[in-house]
Amino acid sequence: MNPVIVWFRQDLRLADNPALTHAMATGAPVLGLYVLDDETPGAWRLGGASRWWLHESLQALSSNLAEICGRLILRRGRADTAVASLAKEVGAAGVVWNRCYEPYAVERDKRLKADLTQAGIAADSFNGSLLAEPWEVRTGAGTPFKVYTPFWRALRALPDSGKPLPAPKAITPFVGKVATDRLADWALLPHKPDWAGGLRETWMPGEAGARKRLSRFLKHLKGYRAARDRPDDDDGTSHLSPHLHFGEISPRQVRHAVQTGEHGDDGDKFLSELGWREFSYHLLFHNPALPEAPLDAKFAHFPWTGSDAQFKAWSKGQTGYPIVDAGMRQLWHTGYMHNRVRMIAASFLIKHLAIDWRRGEAWFWDTLVDADLANNAASWQWVAGCGADAAPFFRIFNPVLQGEKFDPDGAYVRCWVPELAGLADKFIHKPWLAPTPPENYPEPIVDLAEGRARALAAFKGLSRE
Ligand code: FAD
C-alpha cells in the first residue's frame, strides 16, 4: 500500500498529534519525516540553542517512533522540495502536517499543498500547536484583535476542542527502502567549544521530558499568581516554553491537565499565560512583519544611540546591574531566562542603553532554547512600547528597584553572578554602594537617571513628529 508521510515540524510528539492520528486513520503505512530547512526561514533560521534542542528532541522522537514500529526519515534542504521529492520517491498517497504560523512557513506550505494536490497526492494540514487558529478568533466587527483581554475572552468562549488525542500504540510501518540523513551529520550540537553543558544539566528535551515538567509543575501550581514573578523560585513557573515551542507537548494537553485539577485562580492565571502565547501567534499571523517592523509606525525612526560596546556588555552579563547580568548569564548558561528578568533586561537594553529592540530580539533568538518567532517578536515589541497592547514606552523598569522587589534576598543574583555572592543583602542590587565593591565586577555602564531621561526625551521627540 502507498504510505502516508507525516511531516513533523514543531510538533515533535506522538500524543495529541492530529496529523499523525489522521495518517493512522487512513489505514495506510505511515512514514515520519523531518526536514532541516535552513533556507526558507532566511534570517530566522534556527539559532544555536534551538539547534541543540532540536538534536535531542529528534533523537527522542525517533526512538519513540521506533518503539511503535514507526520510523523517522531525516532530510536537509528546502522543505517544500524535500517533502515533494520524498512523496514521489515512495509513491505517497498523502502528506499530512500540523500547521506552523511563521510567515515563511505559511507561504511555503500553501505552495506545497497546491503542488502536491496537483500531483494527485492528498495534502492535509491540522491545528496541533494552538488552542484556536489565529483566524478563528475575531472581534465583533470580524477583524483581528489588537488588545489581549478581549482576545482571551473571545478565545475562551469558543467551543472546547475536547480531550487530547491518545498516542498511537502501533504504526503500520512502511517497509520500502528509503534513504535518510544521519542526525549526527547535521552537526546541530556545539563542539569546540562545547557550550551546551548547562543546557544538558537543565533540560530533558522530548515528549517524556515535557510530560515530566508538566507533572512537576502541577504540584507547584498553587501559588503561581505570586510565584511567577520570583526569579529566585525555580518552581514558580512551568519551564514548559521550549517543550511547547517544539511541540513536545500541546497547549491542549496542558490546558486539559490544568482543568482536570482543582487549581482555582492560580490555574486561571497560568492558562492566561498560555493565552499570551495564543495572542502572540494571532499577532504574527495577522502582522507578518512583526519580527522586523514596529507595529506602531511612529517608532520606525527611533534614535537608537547605544554603542556596540554597550550591546556586548549587555549580552555577556557585564552591565554592572546585577539583576540584568544575572538574567543574561542564566540565558547563556541554560538557554532560558525567567520572564520577569526578560522584561527587565529587555527594557534596560531598549530604554537605558537606547539599543534597537531588534538586536536584543536577535540575541534571544540565538541563545534561547524556547526561541519562538511569535512569542519573541511580540514580547520585544511589548517591552519596546511599539507592539499591540504594549507596555507604554515611558514605563521604564528600574533594575535596582525591580531586583529588590522580585529577588529580595538576592538569591537569584548570587546564583548567576558569583562575584557578588559575599555582599550583604542591602547592597546586592547596588554593589557600587558597598563599602568595598567586588573588584572583579564592572561599574554600571550607564547612569540610570541619565539613561531614563535620554529615553524619555527621545520618545517625546517621536510624539512630536
Ligand atoms: P510559564 O509562566 O510557566 O507560562 C506558561 C507558558 O505560557 C509558557 O511556556 C509560554 O509558552 C507561555 N507564555 C508565558 N508568558 C508568555 C508571554 N509573555 N508571551 C507569550 N507566551 C507566554 N517566550 C517564548 O516561548 N519564546 C520566546 O522566544 C520568548 N521571548 C521573550 C522575549 C522577551 C523580551 C520577553 C519579555 C518574553 C519572552 N517570552 C518568550 C515570553 C516568556 O518570557 C516565556 O514564555 C516564559 O518565561 C517561559 O517560561 P515558562 O514556560 O516557565 O512560563
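## Around the ligand

Of the 27 residues around the ligand, the nearest are Tyr224, Thr237, Ser238, His239 and Asn339; a residue counts as near if one of its heavy atoms lies within 4 Å. This is a predicted model, where local features need pLDDT of at least 70, side-chain atom pairs count only at pLDDT 80 or more, and totals for chains, interfaces and linings use all residues. Residues are numbered from 1 along each chain as its sequence is written, and side-chain values use heavy atoms, with hydrogens and water left out.

Let's look at some polar contacts, meaning pairs of N or O atoms within 3.5 Å.

| Residue | Protein atom | Ligand atom | Distance |
|---|---|---|---|
| Ser241 | backbone N or O | oxygen | 3.1 Å |
| Asn339 | polar side-chain atom | oxygen | 2.7 Å |
| Asp370 | polar backbone atom | nitrogen | 2.8 Å |

Taken alone, the ligand exposes 820 Å², and the protein buries 95% of that (areas from the Shrake-Rupley method with a 1.4 Å probe).

Which helices each supply at least two residues of the shell around the ligand? They are H9 (241-245), H11 (264-286), H14 (339-352) and H16 (373-384); helices here are DSSP runs (H or I) of at least four residues, numbered from the N terminus. H11 gives the most to this shell, with six residues. By class, the shell has 13 nonpolar, nine polar and five charged residues; Asp, Glu, Lys and Arg count as charged, Ala, Val, Leu, Ile, Met, Phe, Trp, Tyr, Cys and Pro as nonpolar, and the others, Gly among them, as polar.

Methods: A polar contact is a pair of N or O atoms within 3.5 Å; within protein, one must be able to donate a hydrogen and the other to accept it, and residues adjacent in sequence count only if both atoms are side-chain atoms.
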